[in-house]
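Here are some notes for a colleague opening this structure for the first time. Please keep the model on screen while reading.

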Amino acid sequence: MRESDIQYPKSEMAPGSPLANQLATIPMIIRLRYSGRAYDLAEHLPAELRLNDGTDVASALAEIQGKLPEDKLLPPTCLIAVNGAHLGTIARHGKVDLRDGDEILLVAPVAGG
Amino acid sequence: MTIMSSPPLPELSADEWERYARQLGPGVVSPEGQRRLKASSVLVTRAGGMGGPAALALAMAGVGRIILAHSGCLTSADLNRQVLGDEAAVGRPRVEVFADRLRSINRFVAVEALDHEPGDEEALTLARRVDVLLACPPNFAERMRLNRAAVTAGKPLVDAAQWGLSGTLTVVQPGRTACLACVCPTEPPFEENFPVVGAISLAIGSLAALEAIKIIAGIGQPQMGRLWVFDLFQGFCSQMELQRNLQCKVCGE
């Protein structure tokens with residue numbers, strides 16, 4: 001049986017009910033990869049982020065930055081992709097709301113030849 | 001997938017067909033593709049860590065003319081990754097050494113050696129002469145220069161870059177895909193003396209050559225408009241579908 005098959009009494013699922021509030025706070029899981037220049041920064045980052053439903057990329061980036069040591073910054077020129085689709089850089093990117101199971105890929109550009 | 005135009009193609013000698021016999025066949029290189037390779041010219045700049053193995057693979061595959069651009073003399077510290085060099089060549093102008101090495105690998109290939117990195121004007125002149133550009137320099141300024149030249153000349157650019165045990169690879173098809181300036185509108189910081197293990201240089205350089213071979217020979221699916229990320233430190237590979245910036249200062253419409 002899937003969770004969607006469960007028939008909850010309507011009163012328990014009503015907006016603002018304890019159960020509805022509890023379900024709304026179940027975090028979504030976002031997979032995270034960091035690569036490129038100074039990829040060793042990834043050792044400070046989890047493979048998964050638990051974020052509230054509806055969190056957007058900008059908020060996720062703030063969460064990611066918060067997990068790094070104070071003297072380590074995500075480069076503003078770092079490329080961002082969600083599920084493989086390029087969004088721009090940390091300094092300049094479009095607004096995207098994340099969904100459970102999405103993957104954020106951050107790549108600090110490299111130029112070594 | 002045929003990207004290049006079709007000028008009259010040269011014939012190959014019996015010795016040349018014998019040389020390339022193992023790369024001919026269904027799903028590999030067609031006889032026409034081999035003739036396209038012979039008719040083609042590729043610019044490789046620079047020819048060190050990744051450009052060296054890329055140029056080597058292009059020469060072995062039978063690209064008709066390879067133009068190498070790389071200044072300076074070979075140093076001992078280059079030999080952890082610059083596969084076209086050797087102990088005896090330390091202290092010699094590296095591009096001469098590298099060009100001689102390519103000629104020794106394949107007598108059917110013409111190799112030109114430029115002992116400097118081309119500036120804006122020369123880069124554009126070279127871009128117009130060749131069929132594909134391979135950008136393998138150690139800084140963003142040169143990459144962006146080659147990108148501008150490729151976009152202006154309308155020629156495919158294969159951009160290969162590395163750091164540590166990782167690398168990235170992308171193919172720019174002007175007018176169809178994102179160019180390097182779309183992806184990096186602001187030049188990222190980078191250190192010229194970046195750390196690198198030679199094995200990744202050879203791997204990324206070889207893949208860059210393969211992209212050029214696919215484009216020229218009209219085979220397979222070149223990785224156009226995608227950024228390939230090879231992170232062999234963390235043990236994963238990934239791809240990013242790059243977004244073109246229609247307001248891009250270099251390729252915007």
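Predicted model: local features only at pLDDT ≥ 70, side-chain atom pairs only at ≥ 80, totals over all residues.

1. Lys95(A) pairs with Asp56(A), their closest N and O atoms being 3.6 Å apart. Lys95(A) sits in the loop between S4 and strand S5 (103-108) of chain A, and Asp56(A) in the loop between S2 and helix H3 (57-67), so the pair ties together parts 39 residues apart in sequence. The two ends are set differently against the surface. Lys95(A) is exposed, at 64% relative accessibility. Asp56(A) is buried, with a relative accessible area of 14%.

2. Now take a salt bridge within one helix. Arg36(B) and Glu32(B) meet through their side chains at 3.0 Å, N to O. They are four residues apart in helix H2 (residues 31-39) of chain B, so about one helical turn separates them. Arg36(B) counts as buried, at 9% relative accessibility. Glu32(B) is partly exposed, at 40%.

3. Arg65(B) forms a salt bridge with Glu112(B), with 2.8 Å between the closest N and O atoms. Arg65(B) belongs to strand S2 (residues 65-69) of chain B and Glu112(B) to strand S3 (residues 110-114), so this bridge ties together parts 47 residues apart in sequence. Arg65(B) is partly exposed, with a relative accessible area of 32%. Elsewhere, shared partners join Arg31(A), Arg33(A) and Glu103(A) into one salt-bridge network. Over all chains, the structure holds 22 salt bridges.

4. Next, the interface. How many residues of chain B are in contact with chain A? There are 38, and they touch 26 residues of chain A. The two chains bury about 2,500 Å² between them, with 64% of it on carbon and sulfur atoms. Trp163(B), Phe236(B) and Met240(B) supply 25% of the area that chain B buries against chain A, more than any other three residues.

5. In it, the side chains of Glu191(B) and Arg37(A) meet at 2.7 Å, N to O. On the side of chain B that touches chain A, S8(B) gives the largest share, five residues. That side divides into 22 nonpolar, eleven polar and five charged residues.

6. Look inside next. In soluble globular proteins, nonpolar side chains tend to be buried together. The largest nonpolar core here has 55 residues, and Leu58(B), Ile66(B), Leu68(B), Leu102(B) and Leu134(B) touch the most other members. Helix H8 (residues 198-217) of chain B gives the largest share of this core, nine residues. Beyond its neighbours within four places in sequence, Ile66(B) is in contact with residues including Val42(B), Leu58(B), Leu102(B) and Glu112(B). A second, separate core of 36 residues includes Leu114(B), Val151(B), Ala178(B) and Cys182(B).

7. Last, check the backbone. The peptide bond from Thr45(B) to Arg46(B) is cis, with omega near -10 degrees. Arg46(B) lies in the loop between strand S1 (41-45) and helix H3 (51-61) of chain B. In chain A, Ala38(A) has a positive phi, near 55 degrees, without being a glycine. Asn83(A) also has a positive phi, of about 55 degrees, and is not a glycine. Asn83(A) lies in the loop between strand S3 (79-82) and strand S4 (85-89) of chain A.

Note on methods: Residues numbered from 1 in each chain as written. Chains lettered and ligands numbered in written order. Heavy atoms only, no water. Helix = DSSP H or I, 4+ residues; strand = E, 2+ residues; numbered from the N terminus. Contact = heavy atoms within 4.5 Å. Buried area = accessible area lost by both parts, 1.4 Å probe. Salt bridge = Lys/Arg side-chain N within 4 Å of Asp/Glu carboxyl O. Nonpolar A, V, L, I, M, F, W, Y, C, P; charged D, E, K, R; others polar. Core = buried A, V, L, I, M, F, W, Y, C linked by side-chain atoms within 4.5 Å. Buried < 20%, exposed > 50% of the residue type's maximum accessible area, 1.4 Å probe, protein only.
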